[in-house]
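Colleague: I would like to go through this structure term by term. Please give the rule each time before you conclude.

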Amino acid sequence: MNRRNFLKVSGASGAVLTLGFAIPSVGQEAEVFKVNAEGVSGAQLNPFVIIDEAGKVTIMNHKPEMGQGVFQSMPMLVAEELEVDMEEVHVVQGLGNKNYGSQIVGGSNSVRGQWEPLRKMGAAAREMLQEAAAKRWKTKVSKTYAEKGKVYHKKSGKSFTYGQLIADAAKLEAPKDPQLKEHKNFKVLGQPLARKDAPAKVDGSAVFGIDLEMPRLLYATVERPPTIHGKVLSFDDTAAKAIPGVKHVLKTERHVFGYKLEGVAVVADSYYTATKGRKALKIEWDLSGFEDIDSRKIHEELVALKAEDGLAHKSIGDFKEGIQSAAKTIEAEYELPYLAHSPMEPMNMTAHVKKDGSCEVWGPTQSPQWAMRDLAGYLDIPEEKIKVNVTFLGGGFGRRAFNDFVIEAASISRQINEPVKVIWTREDDTQQGPFRPGTYHHLQAGFDAEGNPTSLQHKMIGQALSHQWPDADKSKLPGGVMEAINTGYAFPNLMTRYVPYESQIPVLWWRSVYSSTNAFAHECFIDEVAHEAGQDPLQFRKTMLKEHPRFVKVLEILEEKGWNEATEEGSGKGVALAECFGSICGQIAKVKRDESGKLKLEKVIAVIDCGMTVNPDTIRAQTEGNIVMGLTAAIKSPIVFSRGRTRQTNFHNYQMLMLNEMPEVEVHIVQNEEQPGGVGEPGLPPLAPALANAIFNESGKRIRELPLRLDRV
């Protein structure tokens, strides 16, 4: 629909005027389109800004909100340049839509990726409103200014509300190069504002995927193979169908990289009835070829691979010559287990594949546009016939960016043409993956006759996420596998390498991805090198990182906030830091023995340099959450495989951190004007190495394998 036609329709019917353009072409001519599926009324100056004639401002949050704070931080970027207070704006969750640009949440990329584009959206809308006001006053735009939802005439002090200007503004061309504010003029950004989604999440009115209800909705649960992979040979649904309320029993599928994983779905008028039907199923599985998946075998294979050269990552000087000529050498091996994601909201998705061939889904996906793409491919329909409604996510940690669960829901609905909500059990989630990959690390260091470190090699061995796709190029270093092995320590001879490991176990992004494993090995071994050199671990890091002032600043703040405090008998402290996703985070872990002699993590002091800040409260909350998850990964259950099966099943044997195990936490934010970095993940990687280094400081024991058992040190 073009602008003229739409205005005609609008005038005749009182329908909503909407105007938009697509990221990143801020300067494109505005193009009218009718939207507002979210039920918002007003003129839409771009995909993110809607203003009605009463002056109500609505800002779209186009990124899925899974607890990381984008429901507040994304609109803050727009509000700053639009010149409105966050208290005065209404925030709405956007649908999956290409007009928003990338909607995926992952890699701690939301703020750092949208820092400039969203501010330009706000600035463009504000300039259009100023131009509309200037035309009414027959003056230049430079004679006006915007503030708190109004445009003022500088000389007379007269003003128009945004609502009074919106009809005229919507007819204007979008500015090609809107001017952004300088950091010193920020009013919204950098303020610790309360999150707009918090009240609804506290009073229970927020809609997560699992809360979704609608007329005619059916519920499904899927019986999956007892091993990670498997195919359905046959099934007997007689007993299941005899249960009142069971509507359908059917074979289903989900796609995990090159595998098509099968299951049997029971669809019923309630989830409880569906689970009863699932228990009544009798299924014969083909599990051949998958019985060999076993953690002991994986360990042996990883160890054997340390002899391989692998793929080069980074090389400075000549490591081989350096280590051969060293007066003294040390080496160590570190190992980390596979882990499950375990988002608190069980995996779920509601899908309706309609008889007309269109499809609508509702639920917690981290990647709504990938969901559209995957659904279009699976259903063989154009993306225009697919609508993705994004609910709040009860945690994701990378798991919900992979849309196998969306395809599975569509697979069921396509067979019955009814809306169906598929809910995974905790057992399904824990046992089926995809998982965080386990990794193995071989490290060597050399010293000269005076004890100065001269050489370092870190060889990482593990599965590469990108190698799982059938068309993967395995000859090149996979992206991301060497994360957090980039701290820039000044070893004259440095070599870092990656050795690929192949397995049938599906692996996926897990919060902070490879930084969650690599930092433990790297920062613990740096501690070993510092100890061997006879130096304080923090001072050693400062010296070795003196060419990197942002790292040194983080260490100096850690020093000031707690490192220099005296350590009592029975206490220990450890330090570690990591750079990932554009930010640097350093942590001190302080441990102490209680009266029974058991070691306990008493306090964590974290310092994060994430550049310019959007919402300090979010940064603190994310760092605290990272410490909870990092500590869980450090001391709680691993995922163990035996004869093709995942041994852990639920929270009784795949345990989470308990409230009484949580240490005191301090979070300090470095103030600077560097480009924004991520905050959703950088606080996790330093926790485990800082804790292990603290254990060594207290006990003299080096622990090189996770999980740590504090009660056995």
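Modeller: Let us begin with a strand pair: β4 (residues 49-51) and β5 run antiparallel and are joined by 3 bridges. This is a predicted model, in which local features need pLDDT of at least 70 and side-chain atom pairs count only at pLDDT 80 or more, while totals for chains, interfaces and linings use all residues. Residues are numbered from 1 along each chain as its sequence is written, and side-chain values use heavy atoms, with hydrogens and water left out.

Colleague: What makes β4 and β5 a pair?

Modeller: Two strands pair if DSSP finds at least two bridges between them. β4 and β5 have 3 bridges, and one of the bridge partners is Val 57 in β5, which stands across from Ile 51. The two strands form a hairpin with 5 residues between them, and Gly 55 in the turn has a positive phi of about 95 degrees. The strands themselves are DSSP runs (E, at least two residues), as helices are (H or I, at least four), numbered from the N terminus.

Colleague: Which strand runs parallel to β5?

Modeller: Strand β6 (residues 89-93) does, with 5 bridges to β5. Met 60 stands opposite Val 92 in β6.

Colleague: How do you know that both faces of β5 are covered?

Modeller: In a regular strand the side chains alternate between the two faces of the sheet. Val 57, Ile 59 and Asn 61 lie on one side, Thr 58 and Met 60 on the other, and all are buried. Buried means under 20% relative accessible area, exposed over 50%, and partly exposed in between (1.4 Å probe, protein chains only).

Colleague: Why is Ser 73 called buried?

Modeller: Ser 73 has 6% relative accessibility, so it counts as buried. It is found in helix α2 (residues 70-82). Leaving aside neighbours within four places in sequence, Ser 73 is in contact (heavy atoms within 4.5 Å) with Val 111 and Val 614.

Colleague: How do you know what span to expect for helix α3?

Modeller: The expected span is 1.5 Å times one less than the number of residues. α3 (residues 110-137) has 28 residues and reaches 39 Å from its first C-alpha to its last, close to the 40 Å expected. A kink of about 40 degrees lies at Glu 116, shortly before Pro 117; the bend is the angle between axes fitted to the seven residues ending there and the seven starting there. Of the 28 residues of α3, 20 are buried.

Colleague: What makes Arg 224 and Glu 408 a salt bridge?

Modeller: The rule asks for a side-chain nitrogen of Lys or Arg within 4 Å of a carboxyl oxygen of Asp or Glu. Arg 224 and Glu 408 meet at 2.6 Å, N to O. Their positions in the chain are 184 residues apart, and both residues are buried. By this rule the count comes to 52 salt bridges.

Colleague: Why are Glu 664 and Lys 603 said to tie together parts of the chain?

Modeller: Their side chains meet in a salt bridge at 3.8 Å, N to O. Glu 664 lies in strand β29 (residues 664-669) and Lys 603 in strand β26 (residues 599-609), so the pair ties together parts that are 61 residues apart in sequence. Glu 664 is partly exposed because its relative accessibility is 46%, whereas Lys 603, at 18%, is buried.
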